[in-house]
Amino acid sequence: RVLVRRSARKALEWYRRSAAHGDASAQTNLGVILGSPKASKEDRREALMWLKKAARTGSIGATNNIAVMCREDGDLRRTVYWFKKLAALGDDDALIKLGIHYYWGSGVRADHSKAVRYFRKATKGKNLSEADRDDAFFFLGIAYLEGKGVRSSLQMARKLLQRANVDNDHPAADRVLNQMAKSSIKR
C-alpha cells in the first residue's frame, strides 16, 4: 500500500522548511540538490547560501560541497580556501587535495614543500579511507621522484609508490613503478 507518493517538488518544499528552521542536514541536502552543475545560476546561488549556513555549524559535508562547487565554477582560489576550512575540521582527504593544489599551483602559488607537508600529514590521518591514504603515498612518491619539495630519491620514491599500490589497486602507482623498472634496465 502506498502511503505517500514520490514527489521531488514536495521533497524540496520539506527540505526548505527544515532548512529554514536551522537543520544543518537539511541545509546541506538542499544545497546539494540545488547546486547541481546543470542548475541555474539562481539555484546555485541559493545552494551556496544554504551550504554556507550549514558550514557555519561545522558541517564537513556542507564545507566539502562548497569546495566542490567552487572547483566546478573554476574558482580555484576559493576552492583552496574551503579545503583549508575542511582540513581544519579534521577531514584528512582535504589535506591531499590541498597538497595537489600546492604541488601544481592550482589556485595558489606552487609551494612543493607545503604540498609535501600536506601529503605526509594525510598519510598519518585517522579520518581517511585506504584508497585516499594510497593517493597520499602516491603523490608523496611523485614528489621524491621529481625532487620537488624534498631531495630527490629514487629509493624513497619506489618505496612510497609500492606502499600506494600495496593491494595492486592503484593503477597510476603501478604505471610509474613499471616505468621506473624499465628505466633502470636501460641504464
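This is a predicted model: local features need pLDDT of at least 70, side-chain atom pairs count only at pLDDT 80 or more; totals for chains, interfaces and linings use all residues.
User: How are two packed helices described?

Analyst: Two packed helices are described by the angle between their axes and by the distance between the axes. Take H6 (residues 92-104) and H7 (residues 112-123): their axes come within 8 Å and cross at roughly 160°. Angles over 145 degrees count as roughly antiparallel, and H6 and H7 are therefore roughly antiparallel to each other. Their crossing is left-handed.

User: Which residues of H6 and H7 meet?

Analyst: On the H6 side they include Leu-95, Ile-96, Gly-99 and Tyr-103, and on the H7 side Ala-115, Tyr-118 and Phe-119 are among them. The residues of this contact of H6 with H7 divide into 10 nonpolar, two polar and three charged.

User: Where do H7 and H8 stand, and what is the handedness of their crossing?

Analyst: The axes of H7 and H8 (residues 130-146) come within 8 Å and cross at roughly 145°. This crossing is left-handed too. Phe-119 of H7 and Phe-139 of H8 are among the residues making the contact.

User: Now the rings, please. How is a pair of aromatic rings described?

Analyst: By the distance of the centres and the angle of the planes. Across the whole structure there are seven aromatic pairs. Tyr-103 and Phe-119 form a tilted one, at 6.4 Å centre to centre with 50° between the planes. This pair links H6 to H7, with its partners 16 residues apart.

User: Is Phe-119 buried or exposed?

Analyst: Phe-119 is buried, with a relative accessible area of 0%. Phe-119 also pairs with Phe-139, stacked at 5.4 Å and 20°.

Methods. Residues are numbered from 1 along each chain as its sequence is written. Side-chain values use heavy atoms; hydrogens and water are left out. Axes are lines fitted to C-alpha atoms, for helices over the stretch in contact, and angles run from 0 to 180 degrees between N-to-C directions. Helices (H or I, at least four residues) and strands (E, at least two) are DSSP runs, numbered from the N terminus. Angles under 35 degrees count as roughly parallel, over 145 as roughly antiparallel, 65 to 115 as roughly perpendicular and the rest as oblique. A crossing is left-handed if the near helix is turned anticlockwise from the far one by less than a right angle, and right-handed if clockwise. Contact means heavy atoms within 4.5 Å. Ala, Val, Leu, Ile, Met, Phe, Trp, Tyr, Cys and Pro count as nonpolar, Asp, Glu, Lys and Arg as charged, and the others, Gly among them, as polar. Rings of Phe, Tyr and Trp (its six-membered ring) pair if their centres lie within 6.5 Å; planes under 30 degrees apart count as stacked, over 60 as edge-to-face and the rest as tilted. Buried means under 20% relative accessible area, exposed over 50%, partly exposed in between (1.4 Å probe, protein chains only).
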